[in-house]
Each structure stands twice: as C-alpha cells, then as structure tokens.
Amino acid sequence: FRRNGLHMAEKNKNPVKTISLVMVLMLIGKLLGLLRDRLLPIIYGSGIETNAFLTASRIPRVFFDIVFASAVTASFIPVFSEHLTKKGKREAVLFSGNFMTVIGLFSLILTVLGIIFASPLVQLFADGFDAETTALCVSLTRLMFPIVLFTGIAFSFVGILQSLDEFNIPALISVIANIIVIVYYYTLNDRYGIFGLAAAFLIGWLLQAAIQVPALRKKGFFYKPSLSLRSEGMKKVLAFMLPVLVSTWVQPINLTINAKFGSRLMDGFGSSAIDLSNNLFLIIAGVFVFSVTNVIFPRLSRMTAENETSKFRRTIQTTVHVSMYFIIPMTAGLIALAQPVVDLLYGGGQLDAGAVQITSEALRYISIGMTGYALQAVLTRAYFAQQEGKIPLVAGTVSIVVNLLLCVVLTDTMGVKGLAIASAVAATVNAVILVIPMEKAGEGFINRAFVIDMIKLAVSAAVMTIVVLLLANALGGIGAGTGAKAVKVFVPTVAGGAVYFVLTSVLDVFEAREAVGAIKNRLAGRRV
C-alpha cells in the first residue's frame with residue numbers, strides 16, 4: 001500500500017507474465033463454469049427447471065452487472081488510484097472504506113427489494129413462461145437474490161486488490177464458486193434438487209468475498225467504515241456513475257432483452273438457447289478480453305493520474321493490436337466450429353439434437369460481434385481511466401436501442417438466429433461509436449500500418465477457417481461419443497491455430513514475430 005512500494009512493484013512486474021497467469025486462472029474458472037453450465041441441461045433437460053433456473057440466476061446477475069461491476073471497475077479504480085498516487089495511503093483507505101460502506105448498504109437495499117418484487121421482475125425478464133415455470137422462477141429468484149449483496153462485497157475487494165496490482169486472487173474467485181456448484185451437482189443434487197442448487201450458488205458467491213480477505217490483509221488494507229456521500233472521492237464516483245452505469249449496462253441489458261424475446265420461442269427454450277450460447281461466447285472471448293482489460297485498467301488509471309499521455313496512448317494502441325491478433329481467429333474458428341463445440345459441451349443427457357442445433361446457430365451468429373465486443377471492452381476502459389463517461393454513455397445507449405429494434409424486427413422471421421444477429425450488430429455499433437471520437441482527437445490506433453496488419457490477420461484467419469472446415473467435415477463420421485466429439489473440436493482447433501500462427505509469422509505480424517523470437521531465445525538458452 002505504500003506509495004513508493006506500489007510504483008516499484010509495478011515497474012518490476014512483467015505485464016505479459018501477469019496477463020498470462022491471470023488468463024490461465026480465468027480459463028480454469030471459465031472451464032469450470034462451462035462444466036457447471038453443462039451439468040444443468042444434462043441433469044434437468046431443456047424443460048421447466050432449466051428455463052426457470054437460468055432466468056432466476058440471471059436476474060440478480062443483471063443487477064450485479066449494472067451496479068457493482070460498473071461501479072468497481074469503472075468508478076472506483078480510477079478514483080482510488082488517483083487518491084493513492086496523489087494523496088497517499090491514508091486518504092485511499094478512507095475513500096475505500098467510504099465506498100465499501102455505501103456499496104454494502106445499497107446492495108442490501110437492492111437485495112430486499114429484489115426479494116419483495118421477485119414476481120414482477122420475472123414477468124419483466126421472461127413474460128413468455130407458462131404459470132408453472134413462472135412460479136418456480138419466482139421462488140428461485142427470491143432465494144438467489146442475496147447474490148447481489150455478496151457480489152457487492154466481493155467486487156469491492158476486487159477493485160482494491162487490482163488497484164494494488166494484485167490480479168491473481170481476483171482471477172481465482174470464480175474457480176472457487178464454480179467448484180462449490182459442481183461438487184453440489186455430484187453429491188447433493190439428488191437429495192435437494194433445484195433449490196439446493198440455488199443455495200450452492202449463494203455459498204459460492206459468499207466464498208468469493210471471503211477468500212480475498214487474507215490478500216487484503218497482506219497488502220496492509222483495513223476497513224474503516226464511513227457513510228459520507230460528500231467526500232471528494234464519493235463526489236467523483238457519483239458524478240461519474242450515471243454515464244458509467246449506462247455504458248456498462250450494454251452486455252447484461254442486451255442479454256436480458258434477447259432472452260425476453262427468446263422466452264416466446266419454442267416453449268421458452270429460446271431464452272435458454274440465448275443464455276447458453278452467450279455464456280459460451282463469454283467463456284471463449286472473455287478469458288482473453290477480461291484478462292487484458294483487468295490488468296491494463298489500473299495501469300491506465302495511474303497513467304492518467306500521473307499525466308503520462310504518450311504512454312497512455314501507446315498502451316491503448318498495443319492493447320488493441322494484440323487483442324485483434326487473438327480475437328479475429330477466435331471469431332472465425334467459433335463460427336466454423338459452433339455446432340461441434342455446442343454438441344461437445346452441452347449435448348447429451350436430456351438436451352436433444354434439436355436443442356443443440358438451435359444453440360449452435362445462436363452461438364455462430366453471436367460470434368460475428370466478437371471483434372466489436374473486444375474493442376468496446378478495451379476502449380471503454382480507456383475512457384473510464386480518464387474519468388470520461390459521456391462517450392461510452394452515448395455508445396451504450398445507442399447499442400441497447402439498436403439491439404432492441406433488431407430483436408423486434410428479426411424475431412418473427414429468424415427466431416433465435418435473429419436475436420443473435422441483433423446482439424452482434426449492437427456490439428459492433430458500440431465499438432464504432434467509441435472509435436470515432438478517439439480517432440478525431442488524434443488519440444486512436446487506426447493508421448496505415450494497423451490496417452495492413454488487420455488485412456494480414458483477416459487473410460490468415462480465412463485460410464485457417466478453410467483448414468478447420470475441411471478437417472471438421474473429414475471427422476464428421478467418426479462417432480457420437482464424448483471422445484469423438486472432443487476430437488471433432490480439438491483436432492481442427494489445434495490445426496487451425498497452427499496454420500494461423502505460421503501464416504502470421506510468414507506475413508511478419510508483430511505478435512507472431514515476438515513469439516518466434518521468444519521461442520528461439522528459450523531454445524538458445526537451453527543449449528547453453
């Protein structure tokens with residue numbers, strides 16, 4: 001927590017190693033989350049309990065995403081970093097205690113209101129459910145709404161630790177929560193059923209807060225409660241909160257809109273298809289995107305506080321370029337392998353082939369928006385680090401409106417595919433609106449060299465896709481067991497990734513060149 005010690009730690013820390021370790025931890029958490037999500041349709045099928053549980057768990061998550069994710073990552077971290085950089089430990093501690101008290105009280109109020117008004121909330125989120133599904137969903141929602149309180153505490157801790165350059169423990173918290181739920185499925189589910197599953201989710205979220213306490217103590221942090229809304233730090237947070245809230249509402253609100261329209265399709269399974277495909281999309285794209293943004297955001301906030309403008313701009317340019325190097329082939333690969341991926345991860349049990357096909361179509365079309373999703377995730381953090389919320393506010397608002405309008409237009413004619421297209425277009429529009437002001441101000445990343453590199457990446461990804469499709473077709477008849485399904489995904493993925501890396505190396509793309517150099521240096525070191 002000491003000011004000089006903090007800056008020394010940052011200078012000595014290799015950001016590539018930090019991001020890599022965070023990515024591994026997040027990947028483990030996401031894979032466990034994937035297993036957790038897979039077990040639900042396998043055990044409960046695509047009927048009443050699955051539809052009710054997915055909606056009931058989504059409602060408090062949306063409240064969390066709207067309030068706490070935005071408040072912590074976008075409002076708290078820049079102001080906390082500013083206090084720590086300019087005013088030192090004491091003022092940072094006072095501000096963080098004030099912030100946590102306000103968030104804790106507000107989350108408690110939201111929890112109580114969510115429990116009281118569970119029934120109208122379910123009607124708002126899924127008005128296409130029948131009476132039996134609705135009643136079960138209301139009961140589960142009431143049981144699960146304390147998730148909001150637990151996430152308020154957990155993500156306040158996350159904000160403090162990330163501001164102090166501790167990223168591993170925050171990345172680990174989802175691993176713990178998912179393990180709790182998975183253990184429940186295999187041990188107690190037969191005895192306690194769907195309501196016991198809801199309780200397991202609650203316990204997992206509570207532990208997400210608890211496991212961060214030792215790391216906070218190690219950093220020298222202590223909680224000093226304060227409920228002042230007029231302190232300098234809280235005034236900045238509150239003034240920044242509205243644009244931050246709307247701009248970070250995009251993903252959860254668009255998912256809610258799409259799931260609401262989906263609940264009117266295929267006896268409610270349209271909602272589950274959107275939910276499952278979106279979860280898989282976030283697992284694949286989110287591991288990389290959030291690993292990068294979680295690490296660079298506190299650094300960008302400190303660069304802003306220290307007026308390091310040129311360093312800030314170079315960091316954004318490098319981050320966008322690296323992100324595109326990975327996201328473009330991810331997009332192409334996921335579009336090509338959507339059906340075998342969904343079949344491997346969600347197929348089996350009571351989720352039949354028709355449900356797998358519908359979910360894979362949703363995933364394929366949602367994936368079109370992956371580049372836009374990655375760009376908006378990086379660029380909103382750049383704006384937030386500068387405590388600039390107006391442009392993300394406009395981008396988020398327009399994105400939500402575009403998604404809603406496209407859902408209205410496309411649902412009747414295209415079904416679940418139309419909802420997925422709406423999501424992809426909305427993400428792309430969001431990114432474009434964020435890019436334009438940055439480029440006009442001369443602070444952007446688009447130049448001749450960037451465009452040439454993007455063409456190289458697109459060509460490499462196109463060739464990769466052809467290889468992936470050929471292999472997927474060749475392996476199509478090897479069987480229907482879990483092992484065969486894994487081969488259908490693993491072999492094309494590895495081969496496609498190898499082709500992409502070789503082509504980008506031949507085309508002299510920076511990331512591939514750096515990777516080749518690192519491999520050569522490591523091999524040379526071993527020979528010595």
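I looked up Cys407 first. Cys407 is buried, at a relative accessible area of 0% (buried means under 20%, exposed over 50%, partly exposed in between, with a 1.4 Å probe and protein chains only). This is a predicted model, where local features need pLDDT of at least 70, side-chain atom pairs count only at pLDDT 80 or more, and totals for chains, interfaces and linings use all residues. Residues are numbered from 1 along each chain as its sequence is written, and side-chain values use heavy atoms, with hydrogens and water left out.

I then checked Cys407 for a partner. The closest cysteine sulfur, in Cys137, is 19 Å away, too far for a bond (a disulfide is a pair of cysteine sulfur atoms within 2.5 Å). Cys137 is buried as well, because its relative accessibility is 0%. I count 0 disulfides in the structure.

Next, cavities. I took a cavity as a set of points on a 1 Å grid over the protein atoms alone where a 1.4 Å probe fits but cannot get out. Points are joined across faces, edges and corners, and a volume is the space filled by probe spheres set on them. I get 3 cavities of 30 Å³ or more.

I looked at the second largest cavity. Its volume is about 150 Å³. I find 14 residues in its lining (an atom within 4 Å of a point), with Gln251, Asn254, Tyr373, Ser423 and Ala427 nearest the centre. Helix 12 (250-262), helix 13 (269-305), helix 16 (370-385) and helix 18 (416-440) each give two or more residues to this lining (helices are DSSP runs of H or I, at least four residues, numbered from the N terminus).

Conventions
On a 1 Å grid over the protein atoms alone, a cavity is a set of points where a 1.4 Å probe fits but cannot get out, and a pocket is an open set with protein on both sides within 12 Å along at least five of seven lines; lining residues have an atom within 4 Å of a point.
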